[in-house]
Amino acid sequence: MSSNTLDLDTLIRRDYAAGFVTDMDADTVPPGLSEDVIRLISAKKNEPQFLLEWRLKAYRHWLSMETPQWAQVHYPPIDYQAISYYSAPKRKGDGPSSLDEVDPKLIETYNKLGIPLQEQEMLAGVAVDAVFDSVSVATTFKDKLAKMGIIFCSFSEAVREHPDLVEQYLGSVVPPGDNFYAALNSAVFTDGSFVYIPRGVRCPMELSTYFRINASNTGQFERTLIIADEASHVSYLEGCTAPMRDENQLHAAVVELVALKDAQIKYSTVQNWYPGDEEGRGGIYNFVTKRGACRGDNAKISWTQVETGSAITWKYPSVLLEGDNSVGEFYSVALTNNRQQADTGTKMIHIGKNTSSTIISKGISAGRGQNAYRGLVKVLKGAENARNYTQCDSLLMGDRCGAHTFPYIEVRNRSAQVEHEATTSKIGDDQLFYCRQRGLSEEDAVSMIVNGFCKQVFNVLPMEFAVEAQKLLDISLEGAVG
Amino acid sequence: MLSIKNLHAQVDGKQILNGIELEVKPGEVHAIMGPNGSGKSTLANVLAGRDNYTVTDGELIYEGKNLRELAPEERAREGVFLAFQYPVEIPGVSNIYLLKAALNAQRKHRGEQELDAIDFIALVKEKMKLVEMKEELLYRSVNEGFSGGEKKRNEILQMMVLEPKLAILDETDSGLDIDALKVVAQGVNSLRSKEHAVILVTHYQRLLDYIVPDYVHVLAQGKIVKSGGRELALDLEKRGYGWIDQPDNAKSATVGAGS
Ligand SMILES: Nc1ncnc2c1ncn2[C@@H]1O[C@H](COP(=O)(O)OP(=O)(O)O)[C@@H](O)[C@H]1O
Ligand SMILES: [Mg+2]
């Protein structure tokens with residue numbers, strides 16, 4: 001009876017399956033950060049002058065900034081001079097122009113992760129940009145998409161091939177000096193994905209980026225920019241993994257979304273960076289700035305995230321509701337087990353008239369995990385008839401973990417309707433017993449209850465991701481009862 | 001089928017059961033009655049293996065197996081079913097999903113093939129007719145927003161789908177109107193056969209008008225203080241529990257029941 005439960009505490013935690021290292025010859029810049037390093041990165045990538053200057057400006061700004069202290073997370077100060085800001089698998093010549101030229105070791109790495117890069121083997125309907133450490137190593141289905149005028153490529157390629165679009169939109173949603181980590185990213189970002197959907201086009205497949213950190217002592221600073229022109233639609237997926245290492249690694253990404261009039265962007269993340277071990281050794285510091293702007297009437301941006309990995313997660317995917325009738329959504333599941341910490345939520349800034357936003361946040365804390373929801377709903381003066389609905393649920397497993405909720409509401413217009421609901425519950429011994437009494441194993445019972453708790457979010461994930469997310473939760477929670 | 005000897009048990013460190021003796025054979029229906037707080041639910045939970053219900057002494061043998069060594073799910077898969085006095089809500093988990101997972105876990109344990117969705121639905125629909133439950137409830141979250149009566153009907157539905165060898169019903173009758181009571185009775189009576197045994201925990205004798213028990217036991221202060229046939233329940237109804245609820249009386253009235 002009680003002994004069964006106690007045993008669970010020591011039950012095997014299934015290994016972090018993505019924790020392997022690929023032995024690659026890499027071109028890595030020595031650790032340290034200075035204007036020279038930034039010039040070197042920019043030169044390696046043959047960047048136009050405007051971008052180098054943009055980076056340097058961000059860097060100088062960053063030097064004047066301090067690390068944010070307001071989040072409910074704790075970690076020792078990061079030595080930014082000990083990080084290498086550029087690591088790329090060595091390649092012959094100018095880099096692969098087709099998949100046949102991609103290093104087989106890389107293809108194998110992605111195969112192991114369940115992300116086949118050979119187009120014929122891929123899930124039909126998903127195009128992938130694979131980012132390995134600092135660079136994009138392959139982008140699939142590019143040609144097919146290009147025929148519709150869709151640009152889907154690595155950020156570096158976009159800088160070379162579409163500098164005007166990059167110059168027009170880069171930093172237009174997340175300015176280089178927005179916050180400490182965004183400024184750092186703006187100075188040193190190395191690669192990422194770029195998407196442009198032309199006017200009136202519905203992207204026929206899911207676009208996705210798969211981020212992989214491999215090298216040690218490197219940070220990953222990628223930048224994603226998605227532009228949905230008027231009346232276009234796109235659904236974008238993002239996945240991430242990293243090897244198991246004892247030291248912490250920094251991942252400071254910036255994602256900018258621009259939805260013009262009548263356009264819709266759905267951005268889904270399944271974040272499974274290495275979370276560290278049970279004692280809290282190692283793991284990724286995931287300090288990410290994600291923001292979208294509904295820059296025209298009737299535009300819609302929807303963020304869905306399932307955050308199971310990382311030692312520390314610090315991210316607030318947000319929407320600027322500029323256009324009239326624009327819609328912002330944020331659906332989130334954040335899980336912290338062992339010593340993981342998450343401080344995550346969203347900002348919905350209502351600027352246009354009749355704008356509406358929905359926030360559904362599900363936090364799960366197990367082990368000694370600490371999970372904070374932090375959200376801002378801001379209704380500006382001119383935002384007549386703004387609507388927000390926020391639901392914020394926390395689930396606790398065991399009594400050594402914590403859940404915290406910090407909802408901030410600022411309303412400057414009397415016609416606004418803002419609703420907030422919050423619940424905190426413990427995964428009930430009585431719920432577990434009920435399921436077990438019907439014949440389910442304790443693990444299956446936990447999985448069923450937790451998945452039930454997350455259902456509202458899983459329901460809005462694209463199919464392939466929903467299955468993946470469910471599996472991830474199960475793996476991340478193994479041994480969490482007791 | 002079930003043999004309980006000298007059962008002593010604690011709940012969260014508090015001594016509740018003080019030497020229960022009970023023998024249940026296949027095919028029998030035993031009613032366990034007793035005043036509030038006498039330990040009826042404790043006995044039911046101990047049989048099902050709930051956490052924090054610790055057996056401190058005595059024997060629990062079920063089908064030749066020592067129940068004390070089995071986890072709750074193992075007991076369930078061996079055919080022990082508890083209809084809960086207070087069925088819990090599980091948000092986001094559909095009722096039918098839980099039931100299918102439960103049935104298939106049990107079938108797997110017995111080496112039978114798992115039922116696919118089509119066969120499963122057919123089975124559930126057939127059973128549902130007997131419990132007169134709204135089909136819509138199958139697709140709602142487990143017990144969420146169910147009325148008291150709906151929760152109890154749902155417990156009975158689960159019992160009928162799982163067809164346990166030993167069903168323990170903990171006050172499934174309390175708070176039910178007469179129609180619902182009949183449904184519960186129908187469910188139990190449909191399970192009644194040579195192979196199945198039932199332990200009916202109840203506070204009132206009302207249910208026993210519809211399910212005629214083979215034995216009635218009276219529990220007081222964690223002990224069976226009186227055992228008898230159907231007429232004992234009627235006696236209790238007339239005279240209340242006062243006359244047996246005395247420690248002295250209890251000592252002299254202890255009998256090995258049903259053996
Ligand atoms: N978790 C618990 N901790 C301490 N005492 C409990 C707990 N649960 C039940 N009890 C006590 O155990 C006794 C028996 O309870 P119970 O088995 O529920 O009785 P019944 O079902 O016959 O009404 C009661 O005195 C009750 O207060
Ligand atoms: Mg009771």
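Contact means heavy atoms within 4.5 Å of each other. The views below come from a predicted model, where local features need pLDDT of at least 70, side-chain atom pairs count only at pLDDT 80 or more, and totals for chains, interfaces and linings use all residues. Residues are numbered from 1 along each chain as its sequence is written, chains are lettered from A in the order in which they are written, and side-chain values use heavy atoms, with hydrogens and water left out.

**View 1. Helix 9 and helix 10 of chain A in contact.** Helices (H or I, at least four residues) and strands (E, at least two) are DSSP runs, numbered from the N terminus. From helix 9 of chain A, the residues A:Gln431, A:Leu432, A:Cys435 and A:Arg436 meet A:Glu442, A:Ala445, A:Val446 and A:Ile449 of helix 10 of chain A. By class, this contact has five nonpolar, one polar and two charged residues. Here Ala, Val, Leu, Ile, Met, Phe, Trp, Tyr, Cys and Pro count as nonpolar, Asp, Glu, Lys and Arg as charged, and the others, Gly among them, as polar. The axes of helix 9 (residues 429-437) and helix 10 (residues 442-453) of chain A come within 9 Å and cross at roughly 125°. Axes are lines fitted to C-alpha atoms, for helices over the stretch in contact, and angles run from 0 to 180 degrees between N-to-C directions. The two helices are therefore oblique to each other. Angles under 35 degrees count as roughly parallel, over 145 as roughly antiparallel, 65 to 115 as roughly perpendicular and the rest as oblique.

**View 2. Helix 2 and helix 3 of chain A.** The axes of helix 2 (residues 35-44) and helix 3 (residues 49-63) of chain A come within 10 Å and cross at roughly 155°. These helices are therefore roughly antiparallel to each other. In helix 2 of chain A, A:Glu35, A:Ile38, A:Arg39, A:Ile41 and A:Ser42 meet A:Leu52, A:Arg55, A:Leu56, A:Tyr59 and A:Arg60 in helix 3 of chain A. The contact residues divide into five nonpolar, one polar and four charged.

**View 3. Helix 4 and helix 6 of chain B.** The axes of helix 4 (residues 117-131) and helix 6 (residues 148-162) of chain B come within 9 Å and cross at roughly 130°. That angle makes helix 4 of chain B oblique to helix 6 of chain B. Residues of helix 4 of chain B, including B:Phe120, B:Leu123 and B:Val124, meet residues of helix 6 of chain B, including B:Ile156 and B:Leu157. By class, the contact has 10 nonpolar, no polar and two charged residues.

**View 4. The largest cavity.** A cavity is a set of points on a 1 Å grid over the protein atoms alone where a 1.4 Å probe fits but cannot get out, and lining residues have an atom within 4 Å of a point. Grid points are joined across faces, edges and corners, and a volume is the space filled by probe spheres set on the points. The count comes to five cavities of 30 Å³ or more. The largest cavity has a volume of about 80 Å³. Its lining has 15 residues, and A:Ser361, A:Gly363, A:Asn371, A:Ala372 and A:Tyr373 lie nearest its centre. Strand 19 of chain A gives the largest share of this lining, four residues. The lining has five nonpolar, eight polar and two charged residues.

Key:
On a 1 Å grid over the protein atoms alone, a cavity is a set of points where a 1.4 Å probe fits but cannot get out, and a pocket is an open set with protein on both sides within 12 Å along at least five of seven lines; lining residues have an atom within 4 Å of a point.
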